[in-house]
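Hi everyone, thanks for coming. Let me put the model up on the screen, and then we'll walk through some strands and rings together.

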Amino acid sequence: MCGLSFGQYNPTIRTGRPGQTIGSFTVGKGVLQFHQGVDYGWANRETELFPPSGMAVQSEVEKEAILSQNIIRFGVMERLEISAAINYVWETKHYHYAPNPDPALTDFNQKNNEFKNVDFGFRYNILDGNNNQHIAWAIQARTGLYQWIFVDGINYPDVKFVTSLGRRVGENSRLRINAGANIWTQSRDGIVYGINYNFNPVSKLGFTLEYTGRAEFSSIRGSSQEHGGLLGIYYLIHDDILIDIRTGITNHMYWEQFPFSSYIGAGISWRVRTTKR
C-alpha cells in the first residue's frame with residue numbers, strides 16, 4: 001500500500017488492506033507476507049417467520065458478526081506469487097416479533113460460527129509500471145470452498161478471476177481498478193469490479209477510498225446487484241509492517257448468506273524475507 005516506487009519487491013510493504021480490491025504487484029521472490037484483520041458488522045431487516053402454527057408472522061431480525069480475515073502470500077518468482085485465504089465468522093441473529101400476535105411467541109437469538117471461505121490461488125504481474133503510461137497490471141485466480149454456496153449438504157467450490165490495473169495519478173496518490181468474474185455452481189455466476197484510490201499526505205500515513213460491486217450474469221441489467229463503499233486509514237510503522245483501520249457499508253443481494261451490511265475493522269500486514277534481496 002505504501003511506497004510509490006515500481007518493481008515487485010518494494011522497500012516498504014505493499015498490501016491491499018485496508019481495501020478489498022487486489023493490487024497490481026506481487027510481493028517479490030522469496031517474500032512471505034501476511035494480511036490479518038477483524039471486522040465487526042451489523043445489519044437489520046424485516047422478514048417472515050413460520051412458528052408451529054404454520055402462519056407467516058412478520059418479524060424484525062438484527063444481525064451482529066465478527067469476521068476474522070487471514071491471507072498468506074508467498075513470492076515463488078519475482079512476478080509470480082501463490083496465496084491462501086481463510087475467513088471465519090462469529091454471527092448472532094436477534095429475532096423480534098413485531099407486533100407480537102401471540103403471547104406464546106417470544107423473541108429469540110440464533111448463533112452461528114463457521115468458516116466463510118477457505119481458498120487458494122496465484123497472482124502474476126504482467127506490467128510492472130516501468131512503461132510510458134506508468135501502468136502496472138496483474139491477474140489473479142482463486143478457488144476454494146465458500147460456506148454460502150451450500151446446497152443439499154454440500155459446499156460448492158467457487159472460482160474467481162480478477163485483473164488489476166494500477167497507475168500513479170499524482171505525486172502522492174494512486175488509482176487501482178479491478179474487474180473479473182466469479183464462476184459459481186448453482187447458476188450464481190457473476191462479474192466483480194472495484195475502484196480504489198489511495199492518497200499519502202505524508203510518507204507513512206495514507207487514506208483509502210474504495211467502491212466495489214458484483215452482479216450475477218442473469219441480472220446485470222436488473223436491480224439485484226451488490227454495491228459497497230469503504231473508507232480506510234493506514235500507517236507504516238516499519239518498512240515491513242503496516243496497520244490500518246476501516247469502515248464501510250455494503251448492499252448484498254443475499255443478506256442471509258453474507259456477514260453484514262455495515263462494519264468497522266482493523267488489521268495488520270507484515271512480511272518476512274526468506275532470501276536476501
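Strand β9 pairs with strand β10 (residues 225-238) through eleven bridges, in the antiparallel sense. In that pairing, T208 sits opposite G232 of β10. On strands and pairing: strands are DSSP runs of E, at least two residues, numbered from the N terminus, and two of them pair if DSSP finds at least two bridges between them.

A word on what you're seeing: this is a predicted model, where local features need pLDDT of at least 70 and side-chain atom pairs count only at pLDDT 80 or more, while totals for chains, interfaces and linings use all residues. Residues are numbered from 1 along each chain as its sequence is written, and side-chain values use heavy atoms, with hydrogens and water left out.

Now the other partner of β9: strand β8 (residues 190-199) runs antiparallel to β9 (residues 205-216), with ten bridges between them. A hairpin of five residues connects β8 to β9, and Y193 faces G213 in β9.

On to the rings. Rings of Phe, Tyr and Trp (its six-membered ring) pair if their centres lie within 6.5 Å; planes under 30 degrees apart are stacked, over 60 edge-to-face, the rest tilted. That rule gives five aromatic pairs. One of them is F34 with W270, stacked at 4.3 Å centre to centre with 15° between the planes. F34 is in strand β1 and W270 in strand β12 (residues 262-273), 236 residues apart.

Technical notes: Helices (H or I, at least four residues) and strands (E, at least two) are DSSP runs, numbered from the N terminus.
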